[in-house]
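Colleague: I want to learn how to read packing in a model like this. Can we go through it feature by feature?

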Amino acid sequence: MDINGSDISEDEFSICDSNESLNDNLLFTERFSFDDNDIYPIIYNIEELKFEINNKDKDGYTFLHYACKKGCENIVKYLIDRGANVNATDMNNWTPLHYACEKGYENIVKYLIDKGADINIQNKDRCTPLHFACDRGNEEIVKYLIENEKIDVNSQDDNGWTPLHHACYQGNEEIVKYLIEKGADVNTKSKYGNIIIHFACQAQKENVNLVKYLIENEKIDVNIQDDNR
């Protein structure tokens, strides 16, 4: 595909999709409301009934996965203080940090990382927390992750998309500029040979200024063709 109008291949699609198999009617949410203003039911079951804090339901979700998905900051802190595994993975290899970044819970993201969460861990589609933050447009979380010296800003998912590909595909100019400023590779090719300018031209949210910004970047080879040519 060139920048003059050809569509991105139908095989080229975002795999940063929500993990909707997280069913709110599963074991943990049947027993607990995950209300951040009322954490007593969880405290009682863990401390009095000795419920295993890192126990998983049939899909691999722990208490901490649910608390992060629902944005329950107080519960997150309580669980981690009692020994919850911050890098626990569900059946799709999502960690609590993946959920917090996907949902945009900045305080929880910071707390998880402070407590040892792996910022570069990949889910089954090889998406990292940064992929999700960029795909969802959570700018403050993106900046926080990028400032961590351990971050891999050019990590590629199963489709070869970097966080920068995701930001361009969503038409998020501010995140794109920030990633490039922080060293993101502007010519990395996706699985099907597309670079960021291809994605910007076919963005979910049309952004002409973003396309102009990329064209004016002398490091970008605007003549690169994708594998479909």
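Modeller: Start with helix packing. Two packed helices are described by the angle between their axes and the distance between the axes. This model is predicted.

Colleague: At what angle do the axes of helix 4 and helix 6 cross?

Modeller: The axes of helix 4 (residues 73-81) and helix 6 (residues 106-114) cross at roughly 10 degrees. They come within 10 Å. Angles under 35 degrees count as roughly parallel, so helix 4 and helix 6 are roughly parallel to each other.

Colleague: Which residues in helix 4 and helix 6 meet?

Modeller: From helix 4, Glu73, Val76, Lys77 and Ile80. From helix 6, Asn107, Ile108, Tyr111 and Leu112. By class, the residues of this contact are five nonpolar, one polar and two charged.

Colleague: On to rings. How many aromatic pairs are there?

Modeller: Rings pair if their centres lie within 6.5 Å. By this rule there are seven aromatic pairs. Take Tyr61 and Tyr66: the ring centres are 5.8 Å apart and the planes stand at 70 degrees, so the pair is edge-to-face.

Colleague: Are Tyr61 and Tyr66 buried or exposed?

Modeller: Buried means under 20% relative accessible area. Tyr61 has 0% relative accessibility, so Tyr61 counts as buried. Tyr66 is buried too, also at 0%. Another edge-to-face pair is Trp161 with Tyr169, at 5.3 Å centre to centre and 70 degrees between the planes. Trp161 and Tyr169 are both buried.

Colleague: Which residues do ring pairs link into a cluster?

Modeller: Trp94, Tyr99 and Phe132.

Colleague: Next, charges over rings. Where does the charged end of Lys177 sit?

Modeller: Look for a charge within 6 Å of the ring centre and within 35 degrees of the ring normal. The charged end of Lys177 sits over the ring of Tyr213, at 5.2 Å from its centre. Lys143 lies over the face of Tyr178, 5.6 Å from the ring centre.

Colleague: Last, the backbone. What is phi of Asn93?

Modeller: Positive, at about 65 degrees, although Asn93 is not a glycine. Asn93 lies in the loop between helix 4 and helix 5 (96-103). Its relative accessibility is 28%, so Asn93 counts as partly exposed.

Colleague: And where does Arg126 lie?

Modeller: In the loop between helix 6 and helix 7 (129-136). Arg126 also has a positive phi, near 65 degrees, in a residue other than glycine. With a relative accessible area of 37%, Arg126 is partly exposed.

Conventions:
Residues are numbered from 1 along each chain as its sequence is written. This is a predicted model: local features need pLDDT of at least 70, side-chain atom pairs count only at pLDDT 80 or more; totals for chains, interfaces and linings use all residues. Side-chain values use heavy atoms; hydrogens and water are left out. Axes are lines fitted to C-alpha atoms, for helices over the stretch in contact, and angles run from 0 to 180 degrees between N-to-C directions. Helices (H or I, at least four residues) and strands (E, at least two) are DSSP runs, numbered from the N terminus. Angles under 35 degrees count as roughly parallel, over 145 as roughly antiparallel, 65 to 115 as roughly perpendicular and the rest as oblique. Contact means heavy atoms within 4.5 Å. Ala, Val, Leu, Ile, Met, Phe, Trp, Tyr, Cys and Pro count as nonpolar, Asp, Glu, Lys and Arg as charged, and the others, Gly among them, as polar. Rings of Phe, Tyr and Trp (its six-membered ring) pair if their centres lie within 6.5 Å; planes under 30 degrees apart count as stacked, over 60 as edge-to-face and the rest as tilted. Buried means under 20% relative accessible area, exposed over 50%, partly exposed in between (1.4 Å probe, protein chains only).
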